[in-house]
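Student: I would like a close look at one part of this model, with its surroundings described after it.

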Amino acid sequence: MRTILITGPGGSGRSTIAAATAQAAAGTGTRTLLLGADRGDTLGAALGVVTGAAPVGAAENLTAWRPDATESFRADLTAFQDRASTALELLGAARLDAEELTPLPGAEELALLRALRDAALSEAYDLLVVDLPPTPHALALLALPEELRRYLRRLLPAERQAARALRPVLGRLAGVPMPSEWLYDTAGRWDVELAAVEAVLADRHTSVRLVAEPGPAGAEAVRAAGLALALRGLRPDVLVANRVLPESVEDTWLAGLNAQQRKTLDEWQGTYDVRHVPHLGHDPRGTDDLAALAVPGVDAAGSAVEWPVTDRLAEDGVLVWGIPLPGAIRDELDLVRRGDELVVTVGRFRRIVPLPSALRRCTVAGAALREGELRIRFAPDPDLWPQGR
């Protein structure tokens, strides 16, 4: 199944573009699910139907769905209390009733990720179009599965689960209670669920599509989004330039705005596959307006980007790890090697990535940013590198 993740700066019209993309695909006979995360029914307003917690048929071959974060949060926390009942009783904690639970920050993102996973694993659809939150929140959402799995591995290492039979003995020897089996079981279940979401996001049939209105604010937002996506090993398959004015306008005020749009469009052309969506002169509402937008279709290209390791041992005595970071500025870059991980910071974005196996036996020999690619040089550590290599 193909998955298209659509995001853009707030006010760019990304929800309308997502609805138009899903409608256009459904019109070709593709079984399409449109998944949204907004609390308000922006997708329903564009489609002309009411969407909510239950999937609803919006048109032939088109289903729309906005997961209910409140119900999902209540179910998860209630189940957690059931599994941790013994520990809660020891602490003298009072259980929370489902009726008094309200979602905490992040519950909506987790509900959307779970719905994305369930939809991708089902066989009911050929295409999944996801209306992600505005770009800053969408980027955090895309990073969430990887970061949560890393936290789980650090807090509850898998190797400690192997000593389940020894846990009571170890507890007596240490004089402190050891973590209960339910805790490891819960962590293992969460890890499996997060891994499934991570697999969907990294799948070669998943692509990211940016939506922005051409202009100074849109240009800066696109630059930041492109850089943050690159740090996650992704790149937009298409940049949708939304609400583009006709090339020739007679109104003086609109002429100035048009010139501003053309300048930004020219700048984008050299970096992205830019597709223009016209300004209709009003907010698109209903199937006819969505069809008039003539949004780009769905192709087979994915968004994943390779981070290759080049063997230059014979020439320079190093291995070079290439990380594409188009738009990065040297002064905003920072690298920290920590064990078998590399902490990469680009401006306000950061990612902790595990080193490829060969590079774990090396020391960092330097780094350089050239032509939008960060090239990190690693020199083999004689104490760890295989003899004769």
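Where is the place of N61?

Tutor: N61 sits in the loop between strand 3 (56-59) and strand 4 (62-65); strands (E, at least two residues) and helices (H or I, at least four) are DSSP runs numbered from the N terminus. The model is predicted, with local features needing pLDDT of at least 70 and side-chain atom pairs pLDDT 80 or more, while totals for chains, interfaces and linings use all residues. Residues are numbered from 1 along each chain as its sequence is written, and side-chain values use heavy atoms, without hydrogens and water.

N61 is not a glycine, yet its phi is positive, near 70°. Because its relative accessibility is 30%, N61 counts as partly exposed, the class between buried (under 20%) and exposed (over 50%), with a 1.4 Å probe and protein chains only. A294 also has a positive phi without being glycine, near 50°. A294 belongs to the loop between helix 11 (286-292) and strand 9 (309-312), and is exposed at 55% relative accessible area.

In helix 9, P216, G218, A219 and V222 meet Q260, T264 and W268 of helix 10, contact meaning heavy atoms within 4.5 Å.
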